[in-house]
Amino acid sequence: MSERIHDAVEALRKKFGTSDPFELVNVLGIHFGYTNASKLKGYYAVQNRERFIRVNANLRESEQRIVLAHELGHDQRHRELARVHPLRDSSLYDMSSKFEHQANLYAAELLIPDRDVLDCIAEELDYLAMCRTLSIDPHLMAFKMFSMVQRGYHVNIPQNLNSHFLRG
């Protein structure tokens, strides 16, 4: 699954020349906006063949970016499901279903290029230094590294990182 998601993200990146989720929602024709719902990080919905993403306006910009990338994952992987009911996300890195797991992997692939991770490894940065260098949330980095391991890279996910939530 990680390879399919990685390949889909790479195809999107190549087609549109960007991995910026704010640019992608525009070129993909998705209606984007903000919500002030206090318990909601974001949601993705399809109504009358129109696609909508809303992100909580009260989140830090870095979190908004992650949530938007996650919702793009739902758009690209779970559009049919969103036609039945909106996909609401009240927490980042929710692993309550395979759909959330896939959207988290999609966000990690979109926001973190393999080359950046490999460069940090070549510099022998430890896990948290790698996250700081790339300005990436450690949980999102765990999804990226999990994906890389699944795709055959020899990267070490720290043993003390509680990564059981990655299995979905």
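Student: Let's start with K144. Is K144 buried or exposed?
Tutor: K144 is buried, with a relative accessible area of 0%. Buried means under 20% relative accessible area, exposed over 50%, and partly exposed in between, with a 1.4 Å probe and protein chains only.

Student: Where does K144 lie?
Tutor: K144 lies in helix α8. Helices (H or I, at least four residues) and strands (E, at least two) are DSSP runs, numbered from the N terminus.

Student: And what is K144 in contact with?
Tutor: Leaving aside neighbours within four places in sequence, K144 is in contact with H6, A108, E109, I112, P113, D114, V117 and R151. Contact means heavy atoms within 4.5 Å.

Student: What kind of model is this?
Tutor: This is a predicted model: local features need pLDDT of at least 70, side-chain atom pairs count only at pLDDT 80 or more, and totals for chains, interfaces and linings use all residues. Residues are numbered from 1 along each chain as its sequence is written, and side-chain values use heavy atoms, with hydrogens and water left out.

Student: What pLDDT does the protein average?
Tutor: The average is 87, and 86% of the residues score at least 70. pLDDT is the predictor's confidence in each residue, from 0 to 100.

Student: Which elements have the lowest and the highest mean pLDDT?
Tutor: Strand β4 (residues 87-89) has the lowest, at 70, and α2 the highest, at 97. Over residues 162-168 the pLDDT is below 50, and this stretch has 14 contacts in the model beyond near neighbours in sequence. Where pLDDT is low, the predicted coordinates should not be read in detail.

Student: Change of topic. How many residues does the largest nonpolar core have?
Tutor: That core has 40 residues, and those with the most contacts inside it are I53, L72, L140 and M141. Helix α8 gives the most to this core, with seven residues. A nonpolar core is a set of buried Ala, Val, Leu, Ile, Met, Phe, Trp, Tyr and Cys residues joined through side-chain atoms within 4.5 Å.

Student: What is L72 in contact with?
Tutor: Setting aside neighbours within four places in sequence, L72 is in contact with P21, L24, V25, L28, I30, I53, Y106 and L110.

Student: Where is H70 found, and is H70 buried or exposed?
Tutor: H70 is found in helix α3 and is buried, with a relative accessible area of 5%. A polar contact of 2.9 Å joins the side chains of H70 and E100. A polar contact is a pair of N or O atoms within 3.5 Å; within protein, one must be able to donate a hydrogen and the other to accept it, and residues adjacent in sequence count only if both atoms are side-chain atoms.
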